[in-house]
Amino acid sequence: MPDQIYVVGHINPDTDSVASAMGYAWLLRERDGLNTVAARAGALNAQTSWVLKTLKLDAPYLLTDASPRFDSVMQRLDSLRPDAQLGSAWTLASRTGGLAPIVNEDGTPYGMVNGMSLFKYFSDTLGPRPGDTTVREMMSAQCRDAADTNVPKFQSNAHIRDSLNRILRAEIDDYWVVDESGRYLGIARQRNILNPPRLKIILVDHNEPRQSIAALEEAELLEILDHHRLGNPYTHQPIRFTVDVVGSTSTLVTEQIAEAGLSALPAIAGALLSGLLSDTLILTSPTTTERDRAAAERLARWAFVGGSPLQGETIDSFGKAVLSAGAGLSNRKPEEIVSTDIKPFEGGGFKFAVAQAEVTDIMQLSEHLSPLTKALDELREKRGLDFAMLLVTDVVRGTSRLLLSSSAPPILDDLPYPPMPDGTRDAAGVVSRKKQLLPAVLGLLER
């Protein structure tokens, strides 16, 4: 729909990314009457899946690419069967701008009757001299006799950009749009294909293009709401840009809901509270502010009401349940652990990524260390990075251990985390990738 706006978080979405997208989309609908859709840029992790299941909420729409697709430019024109009289096609074409789609009984395209196909049919039938054949007789012929059956077909979810060269070389104006089974969905005209509508996007919980959905430059970026460092994308015009120093984007959404004089639905409030408590480790992370604490109290008041799935919970009990749902190494593959909660960065001429995994007992790391190190090296090579890191955080004790890929530059030996006999580094008291680990890493790389 032309007025639809997608509110979407970063790739490899965490709970705050998903919750803030859902909460902000809800607020924009309630407060501003906008046609907003909450979206996610990747698969849900275990923690977020548990939260949504507990709150009986559907997962947001999966949106991984902002590049326009054929379904955004198609029209579902009326159609005829191949055995329909050609006169019916003539009548239909007069209503559709010169085109009559001919569709088989099973829903697959047969051909198109248009001005060029009619001219060819008349020429082939009448020859150089009409003779005794009349137009009335020709209009009684079947559509199959005059249809062009060589029109290209494109799936509705296919990216337009991938087929532009083919379309520009073709000397036709109209194309089939079909579903995955090849059944007719609509017609796409060349003039619309070459100038498709841009997806309208609002980014939450990130502002760096490398952390966003693919082909963001092909979208119309309307707004950014975030709490991370700046690395904002280029825009063609001014946009609303809010980046604030709080522990979660869910906090910023909650503050806007309160400022509007609204009260979030219990399920939406529960989602926002889970995002806030996850990002701040139940308000104990160094990123936590008084605003986060105030937002948590407000969300608890909205979420822990009678009839809600969270009735009877407290901030502490619900927070522990949220953190426990995403913690642990034993129930996940090493490849999943190093790639689920990961963010790419650049600094000092290096491209690198930092993953984070939460556990309830840091001692369990020793039995998973070898496969995790191997998975980290494979991830670095697969993504073309200079190095990769995994921060394993004990959410109970508030401390972490740091794993580095074998390609880590020697300058990182100066990190303020003592090396351990097993090759990891003891990041005592470090729980925040954003506020504690990343500044230390970038400080060395850019030195």
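Here is a friendly conversation about a predicted model.

Modeller: Before we start, this model is predicted, so local features need pLDDT of at least 70 and side-chain atom pairs count only at pLDDT 80 or more, while totals for chains, interfaces and linings use all residues. Residues are numbered from 1 along each chain as its sequence is written, and side-chain values use heavy atoms, with hydrogens and water left out.

Biologist: In which order do the six strands form the open sheet?

Modeller: Strands (E, at least two residues) and helices (H or I, at least four) are DSSP runs, numbered from the N terminus. Two strands pair if DSSP finds at least two bridges between them. The pairing here is parallel, and the order is 3-2-1-10-11-12.

Biologist: Why is one side of strand 3 and of strand 12 left without a neighbour in the sheet?

Modeller: Look for strand 3 at 61-62 and strand 12 at 240-243.

Biologist: Which residue in strand 10 is the bridge partner of tyrosine 6?

Modeller: Strand 1 (residues 4-8) pairs with strand 10 (residues 200-204) in the parallel sense, over four bridges. In strand 10, the partner of tyrosine 6 is isoleucine 201.

Biologist: Is helix 9 parallel or oblique to helix 10?

Modeller: Axes are lines fitted to C-alpha atoms, for helices over the stretch in contact, and angles run from 0 to 180 degrees between N-to-C directions. The two axes come within 8 Å and cross at roughly 140 degrees. Angles under 35 degrees count as roughly parallel, over 145 as roughly antiparallel, 65 to 115 as roughly perpendicular and the rest as oblique. So helix 9 is oblique to helix 10.

Biologist: Is serine 248 buried or exposed?

Modeller: Serine 248 lies in the loop between strand 12 and helix 9. Its contacts (heavy atoms within 4.5 Å) include Asp16, His227 and Asp292. Buried means under 20% relative accessible area, exposed over 50%, partly exposed in between (1.4 Å probe, protein chains only). At 0% relative accessibility, serine 248 is therefore buried.

Technical notes. Lists of a residue's contacts leave out its neighbours within four places in sequence.
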